[in-house]
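Dear colleague,

I am passing this structure on to you, and my notes on it follow below. Please read them with the coordinates open beside you.

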Amino acid sequence: MEFLELAKKRYSERSFDKSRPIEEEKLSKILEAGRVAPTACNFQPQKIYVIKSEDALWKAAKLTHTYNAPIVLLICYDTNVVWKNAREEGYNSGEQDASSVLTSMMYEAEDLGIHSLWIRGFNSKLVAEAFELPENIKPAMMLAIGYPTAESQPSPRHTDRKSLEDTIEEM
Ligand SMILES: Cc1cc2nc3c(=O)[nH]c(=O)nc-3n(C[C@H](O)[C@H](O)[C@H](O)COP(=O)(O)O)c2cc1C
């Protein structure tokens with residue numbers, strides 16, 4: 001499928017079929033897409049927790065809406081590894097690196113027929129506590145993945161996009 005077609009086809013899944021597991025081979029491909037994603041200076045500060053045990057899924061569902069996903073990828077970054085910008089005090093690339101990794105995995109999943117949901121509606125301090133993350137590992141976002149139920153459909157927001165004129169300006 002052409003990339004733009006794939007990008008338009010993807011929508012946020014909020015109705016996962018938990019009874020249909022993701023094949024190991026497909027999960028490996030999704031994780032591989034994250035591995036090869038670009039990161040600042042190629043420092044690769046990402047740390048991804050594959051949440052799939054009942055206990056860990058339950059914990060995740062208590063921290064945010066995971067919509068019955070059979071797997072939730074918790075994408076974190078290591079503050080000891082992130083790129084720090086000498087031209088801007090206080091900046092580090094962790095959130096952007098994590099977004100880059102998530103985006104690669106999200107589209108690989110879509111290409112494999114697996115739906116996904118980008119999740120940031122959680123409190124990162126509570127997530128770090130619940131999963132007992134080391135101090136240097138910061139939760140950035142989650143990507144819930146799985147097959148959709150028969151009832152699945154995109155929300156109205158999926159097609160509600162601004163025009164290029166609204167968001168692009170030539171200089
Ligand atoms: C940074 C970011 C955070 C998001 N957090 C959540 C979230 O916590 N829960 C949720 O249901 N959707 C979340 N979304 C999904 C957006 O709401 C969704 O992508 C947007 O409304 C467009 O809909 P579509 O993905 O179906 O095209 C998030 C998306 C992004 C990029």
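**Cores, ring pairs and a buried loop residue**

In this predicted model, the largest nonpolar core comprises 24 residues, and those with the most contacts inside it are Ile-30, Leu-73, Ile-75, Met-105, Ile-114, Leu-143 and Ile-145. At least two residues of this core come from each of α2 (24-35), β2, α4 (94-111) and β4 (137-146), and α4 gives the most, with 7 residues. Ile-114, if residues up to four places away in sequence are not counted, touches Ile-22, Lys-26, Ile-30, Ala-109, Ile-145, Gly-146 and Tyr-147. Another core, of 19 residues, lies apart from it and includes Val-72, Phe-122, Ile-137 and Ala-144.

The count of aromatic pairs comes to 2. The ring centres of Phe-3 and Tyr-107 are 5.3 Å apart with the planes at 70°, so this pair is edge-to-face; it links distant parts of the chain, since Phe-3 belongs to helix α1 (residues 3-9) and Tyr-107 to helix α4, 104 residues apart. Trp-83 and Tyr-91 also form an edge-to-face pair, at 6.0 Å centre to centre and 70° between the planes. Trp-83 is partly exposed at 26% relative accessible area, and Tyr-91 is partly exposed at 22%.

Two arginines also deserve a look: the charged end of Arg-20 sits over the ring of Tyr-147, 3.6 Å from its centre, while that of Arg-120 sits over the ring of Phe-122, 4.5 Å from its centre.

Finally, Thr-66 lies in the loop between α3 (54-63) and β2 (71-78), and with 8% relative accessibility it counts as buried. Leaving aside neighbours within four places in sequence, Thr-66 contacts Phe-16, Ala-60, Ala-61, Val-72, Ile-119 and Ala-144.

With best wishes

Definitions and conventions
Residues are numbered from 1 along each chain as its sequence is written. This is a predicted model: local features need pLDDT of at least 70, side-chain atom pairs count only at pLDDT 80 or more; totals for chains, interfaces and linings use all residues. Side-chain values use heavy atoms; hydrogens and water are left out. Helices (H or I, at least four residues) and strands (E, at least two) are DSSP runs, numbered from the N terminus. Buried means under 20% relative accessible area, exposed over 50%, partly exposed in between (1.4 Å probe, protein chains only). Contact means heavy atoms within 4.5 Å. A nonpolar core is a set of buried Ala, Val, Leu, Ile, Met, Phe, Trp, Tyr and Cys residues joined through side-chain atoms within 4.5 Å. Rings of Phe, Tyr and Trp (its six-membered ring) pair if their centres lie within 6.5 Å; planes under 30 degrees apart count as stacked, over 60 as edge-to-face and the rest as tilted. A charge sits over a ring if NZ of Lys or CZ of Arg is within 6 Å of the ring centre and within 35 degrees of the ring normal.
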